Amino acid sequence: MSVRTRFAPSPTGYLHIGGVRTALFNWLFARGQGGQFLLRIDDTDAGRNVDAALQPILDGFRWLGIDWDEGPDVGGDCGPYFQSQRGELYNAAVQQLLDIGAAYRDFATTEEIAAEREAAEKAGASFRYSRRWRAESDADAARFAAEGRQSVVRLAMPDEGEIVIDDLVRGQVKFDWSREQDLVIQRADGSPIYHLASVVDDHAMHISHVIRAEEHLSNTPRQIFIAQQLGYELPKFAHLPFVAEPGSKNKLSKRKLDKYLKNRDFAAINDHGQQIAQKLGLSTSAETFNPVIVDFYEQVGYLPEGLLNYLLLLGWSLDDSTEDFTRAEMIEKFTIERVTKAPASFDPKKLMAFQDRTMQQLPIKQKVSRCVDFLQQAGWVATPPPCDIARYVTQVVEAIGDRLKVFGDILEFEEFFVADDELVYDEKAFEKRIAKPERAIELLREYRESLATCDEFDAASLDKHLHDFVEQRRIGMGDIIHALRVAVTGTAQGCGMFETLAILGRDRCLRRIDRVLNLA
RNA sequence: GGCCCCGUCGUCUAGCGGUCUAGGACUCCGCCCUUUCACGGCGGCAACACGGGUUCGAGUCCCGUCGGGGUCACCA
């Protein structure tokens, strides 16, 4: 039997980082086994705006390069792939369960159920519905209906015996049937509940392996019950440890953003991203733009390979030392056997380390091309760029080197893209390196004259030139180079001094130094 | 609270009874490189939750305790 896995997101408007990890494992497993990976949209409870809420999810997967063989936009033999369009299937399944007595119509109100639950809790007993408003016959149903009651369909769970789940990551897990609730599978409005829809679809779509997060483990008995009653062959189950919050073992969720922002590392990559987003003119509402959401990484200019590589190692490892995987290697090496059992917390710093490594391996041409995209988006270069811009940006990117962690970082090197008279000077740096040192202005003036007449303007020559300058005056390099850097770039830190001067070229350097001399 | 899952450095993990004075990675801390920043190089700090068994021998198997988490919806 061929391997078929699926990821079934609800259209929530964003792709959660934990969801991606689950999807990744499903995808990797399917690809590695020569099987199929499908995307199904669990919108049984969704409002009308499904399209808008789905798009970011699809976009996220596309960006990551996680492709699906069947699902939205690509179709497939088992469609439709939206649960909202599969109503008849669920109705038929519900009817079948009703017919064989595995489910019943129930007319209890939510208040009545709540009251029973409360009473049970008070008595210290575990709650199980009394089935008091269960319709045993059509006459019962008519009578309840006459009282103005509405009905749902509930599962008639067995009250004895146990169910053993053979989980691919957790081994055998046992549950007592008697503790399972008579779960609702169809709402009063006739719409199906997730568990029912999920089981029906997994069967109809020939899913061989249900790989999902651990929080579904305790849902599994009821789903198995449904499947068994419907006569379905059971898929294999694999319950992955969930992705936990930074610095804790709690499940990572989008709701607790405020808490995560108090985590230093999380706050750091968030702030870094926010700054880039601002320069790009993006909406930076924390609700829709933060490191829990995949879109954040795309917008800021992370590489999907680095993110995937990091996520791969969140709950899986190959051996005692291998950390870097290409896409092909991930597919080749991934196995469910080596999935970990304990939850893994999301570590922003380590993610950045993977991003960094991935970025440094990227060929310069690609780096430049993506950087140009970001520069255009920020409005710093024309769209489309004149061909010499590509050459110019190549020089800049080479000079920046490892300092470029994500593509958006190119926007931190404003000095290369701003007009001379618009260069902003960092106040502290200006004070410390130009205003305060006694001879800074004097030296800068002298150096300016010297620079105006130096023959060659490449980095190596400029290097020698400055060294000669320093030597002649019997001063230290530190007496001039810092002031020079601030004068020319506006900041105290940046690329190599001589590369910077060379890229800027003589005219711009002179104009910027003049500006400082006039200011002082 | 019931049920279920989990428990090796701060974090991600290796470890499937002896080769573990517990290995790798990220972080952190030194030193080197560099008169910026970043990278890089070298070195260092740092863990088997606890208690009982089983065994010649336990991080590895069993039991218990403790701790953490998940789940108990007409959400998915």
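**Chatting through a predicted model**

Colleague: Which residue of S9 stands opposite His 209?

Modeller: That's Lys 236. Keep in mind as we go that this is a predicted model.

Colleague: What unit do S8, helix H7 and S9 make?

Modeller: Together they build a right-handed β-α-β unit, with residues 220-229 forming the helix H7.

Colleague: And is S8 mostly covered or open?

Modeller: Mostly covered. S8 takes in residues 209-213, and five of its five residues are buried.

Colleague: New topic, the open sheet. What order do its three strands have?

Modeller: The order is S3-S4-S7, and the pairing is antiparallel. At the edges sit S3 (103-106) and S7 (184-186), each of which pairs on one side only. On average, neighbouring strands in this sheet are turned by 40° against each other, if you ignore direction.

Colleague: Nice. Now the helices: at roughly what angle do the axes of H3 and H6 cross?

Modeller: Roughly 105°, and the axes come within 10 Å of each other. Angles of 65 to 115 degrees count as roughly perpendicular, so H3 and H6 are roughly perpendicular to each other.

Colleague: Which residues make the contact?

Modeller: H3 brings Leu 89, Tyr 90, Ala 93, Val 94 and Leu 97, while H6 brings Leu 196, Ala 197, Val 200 and Asp 201. Sorted by class, that contact has eight nonpolar residues, no polar ones and one charged.

Colleague: Let's switch to Glu 245. Where does it lie?

Modeller: In the loop between strand S10 (243-244) and helix H8 (257-261).

Colleague: Why does Glu 245 count as buried?

Modeller: Because its relative accessible area is 1%, and buried means under 20%.

Colleague: Which residues is Glu 245 in contact with?

Modeller: Leaving out neighbours within four places in sequence, its contacts include Lys 251, Tyr 260, Ser 345 and Phe 346. Ala 344 is 99 residues apart from Glu 245 in sequence, and their C-alpha atoms are 8.4 Å apart in space.

Colleague: Last one. In which helix is Asn 270 found?

Modeller: Helix H9, residues 264-280. Asn 270 is buried too, because its relative accessible area is 7%, again under 20%. Not counting residues up to four places away in sequence, Asn 270 touches Leu 261, Phe 289, Asn 290, Pro 291 and Phe 296.

Terms used:
Residues numbered from 1 in each chain as written. Chains lettered and ligands numbered in written order. Predicted model: local features only at pLDDT ≥ 70, side-chain atom pairs only at ≥ 80, totals over all residues. Heavy atoms only, no water. Buried < 20%, exposed > 50% of the residue type's maximum accessible area, 1.4 Å probe, protein only. Helix = DSSP H or I, 4+ residues; strand = E, 2+ residues; numbered from the N terminus. Pairing = 2+ DSSP bridges. Right-handed = clockwise from strand over helix to strand, strands pointing away. Axes fitted to C-alpha atoms, helices over the stretch in contact; angles between N-to-C directions. Parallel < 35°, antiparallel > 145°, perpendicular 65-115°, else oblique. Contact = heavy atoms within 4.5 Å. Nonpolar A, V, L, I, M, F, W, Y, C, P; charged D, E, K, R; others polar.
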